[in-house]
Amino acid sequence: TFMEGDRELFLKVMEKEEQLEDFKKQGKKKQAKSLARILANDAGSTACVALISPHYVLCANAGDSRTVLQRHKGVEPLSTDHRPSLSKEAKRIRAAGGYVLGSRIEDDLAVSRGFGDYRFKEKEVTLHGTMRTERTPDHQKVSPIPEFSVVWRNGNDKFVLVGCDGIFECCSNDQVCDMTCKAIANHEDLKMACEQVIDECLKAGSKDNMSLILVDLGGCSLHA
């Protein structure tokens with residue numbers, strides 16, 4: 001689960017912190033400096049997962065990556081960006097002792113769910129959840145718990161698109177899917193279509209991370 005993944009990641013961070021202390025005790029200044037620099041960058045990651053069956057598409061999302069479904073006509077979003085400014089997210093952040101300023105958690109982080117970013121999480125809650133604390137991971141400033149959505153498929157659906165935030169920084173869901181449809185028509189190859197969409201997002205001015213997954217649901221008219 002997402003919660004277990006966040007816990008495992010935190011355990012790895014703790015291992016690195018112990019390794020740093022060992023380097024210091026052993027006088028390995030170069031290794032200690034390098035590892036300290038890595039640990040100082042308390043980074044995080046979003047997660048957006050799509051499970052596709054013959055009858056439905058399930059999406060689990062934590063963060064601001066997105067999954068969208070291109071129907072025969074129209075685009076259906078399967079995820080919602082988790083922004084600190086959303087009322088339910090802001091309520092959780094404040095209940096955890098934080099605040100929202102400039103649409104960011106404590107004027108810092110622009111996303112309110114995901115893995116990592118442990119400066120916004122309590123150690124005991126991340127490691128043990130309700131076993132030792134009254135709080136659960138979904139009560140922290142940054143929650144690793146995803147939101148789920150499920151939609152039924154039909155025979156005319158074209159594709160599922162999963163992309164990180166840079167794909168949508170300058171383009172709406174509809175614009176990205178429109179670009180994707182045109183790219184598929186141009187290349188009749190999903191890999192080349194992905195590359196073209198990323199190039200178009202760059203031209204549109206996106207400066208954030210960009211990765212893209214396309215899954216053909218049978219409506220893309222690709223040659224075998």
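Ser-103 is partly exposed, with a relative accessible area of 43% (buried means under 20%, exposed over 50%, partly exposed in between, with a 1.4 Å probe and protein chains only). This is a predicted model, where local features need pLDDT of at least 70, side-chain atom pairs count only at pLDDT 80 or more, and totals for chains, interfaces and linings use all residues. Residues are numbered from 1 along each chain as its sequence is written, and side-chain values use heavy atoms, without hydrogens or water.

Find Ser-103 in the loop between strand S6 (100–101) and strand S7 (104–105). Helices (H or I, at least four residues) and strands (E, at least two) are DSSP runs, numbered from the N terminus. Most residues other than glycine have a negative phi. Ser-103 has a positive phi, near 60 degrees.

Asp-117 also has a positive phi, of about 50 degrees, and is not a glycine. Look for Asp-117 in the loop between strand S8 (115–116) and helix H4 (123–128). Asp-117 is buried, with a relative accessible area of 7%.

Now turn to the helices. Two packed helices are described by the angle and the distance between their axes. The axes of H1 (residues 2–25) and H2 (residues 29–40) come within 9 Å and cross at roughly 155 degrees. Axes are lines fitted to C-alpha atoms, for helices over the stretch in contact, and angles run from 0 to 180 degrees between N-to-C directions. H1 and H2 are therefore roughly antiparallel (under 35 degrees is roughly parallel, over 145 roughly antiparallel, 65 to 115 roughly perpendicular, the rest oblique).
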